Amino acid sequence: MSNARTAVLVKPDGLQRGLIGEIIGRFERKGLKLVGLKMVQMTDEMLSEWYVEHKDRSFFGDLKSFMGSMPIVAMAWEGVDAVPVVRKLVGTTLGREAEAGSIRGDFGMSQQMNLIHASSSDEDAARELKIVFKDNELFGYQGAMECVIYAEQERK
Ligand code: CMP
């Protein structure tokens, strides 16, 4: 077990559909700690870096123009095993097939308009957080409820 940070973007469709509060609420209720939050319109340069692993895919251009078409909400969440925990809450890529109870499973139908992005590994999380957050936009603080969210040995 390790305390980790992960990057989340609420995509333009999530913003337009008024799901920001719902999404933040799900992560808060799970016991994750919010350590960064901002609204940002991502540039083509930021998106090329963000989606570098998809640069040769046919949907790369469409994905970048969709993601850059309006502001998104970027978040950094912290917790033990934060990357896989958040991925599970988000659900699989295609909304129509995503598990009921997950964010995409409960609210999404599409593959491109799948509401939300979540980092897929600790390395990706570190890279992605650097694209949208400056060092002084990420915060470290003691969560008042951590003593009832984790047993002491889990927080080390
Ligand atoms: P995400 O997993 O956050 O990051 C890559 C994104 O590419 C994915 O969400 C979808 O929004 C998008 N994507 C994946 N596959 C396709 C596809 N076949 N067509 C269009 N967009 C896709």
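The dialogue below treats the ligand and then the pockets.

Tutor: This is a predicted model, in which local features need pLDDT of at least 70, side-chain atom pairs count only at pLDDT 80 or more, and totals for chains, interfaces and linings use all residues. Residues are numbered from 1 along each chain as its sequence is written, and side-chain values use heavy atoms, with hydrogens and water left out.

Student: Which residues surround the ligand?

Tutor: A residue is near a molecule if one of its heavy atoms lies within 4 Å of it. Here the shell comprises K11, Y51, H54, F59, L63, R104, Q111, Q112, N114, I116 and H117.

Student: Which polar side-chain atom lies 3.2 Å from an oxygen atom of the ligand?

Tutor: A polar contact is a pair of N or O atoms within 3.5 Å. The atom in question belongs to N114. An N or O atom in the side chain of H117 is 2.9 Å from a ligand oxygen, and a polar backbone atom of Q112 is 3.0 Å from a ligand oxygen.

Student: How is empty space found?

Tutor: A probe the size of a water molecule, rolled over the atoms, shows where space is left. The ligand takes up the space of the largest pocket, which is lined by 22 residues, with K11, H54, T93, R104 and N114 nearest its centre.

Student: Which residues lie nearest the centre of the second largest pocket?

Tutor: They are G31, L32, K33, G143 and E146, from a lining of 18 residues. β3 gives the most to this lining, with four residues.

Methods: Polar contact = N/O pair within 3.5 Å; in protein donor to acceptor, adjacent residues only side chain to side chain. 1 Å grid on protein atoms, 1.4 Å probe; cavity = no way out; pocket = protein on both sides within 12 Å on 5 of 7 lines; lining within 4 Å. Sits in = over half its atoms within 2 Å of the grid points. Helix = DSSP H or I, 4+ residues; strand = E, 2+ residues; numbered from the N terminus.
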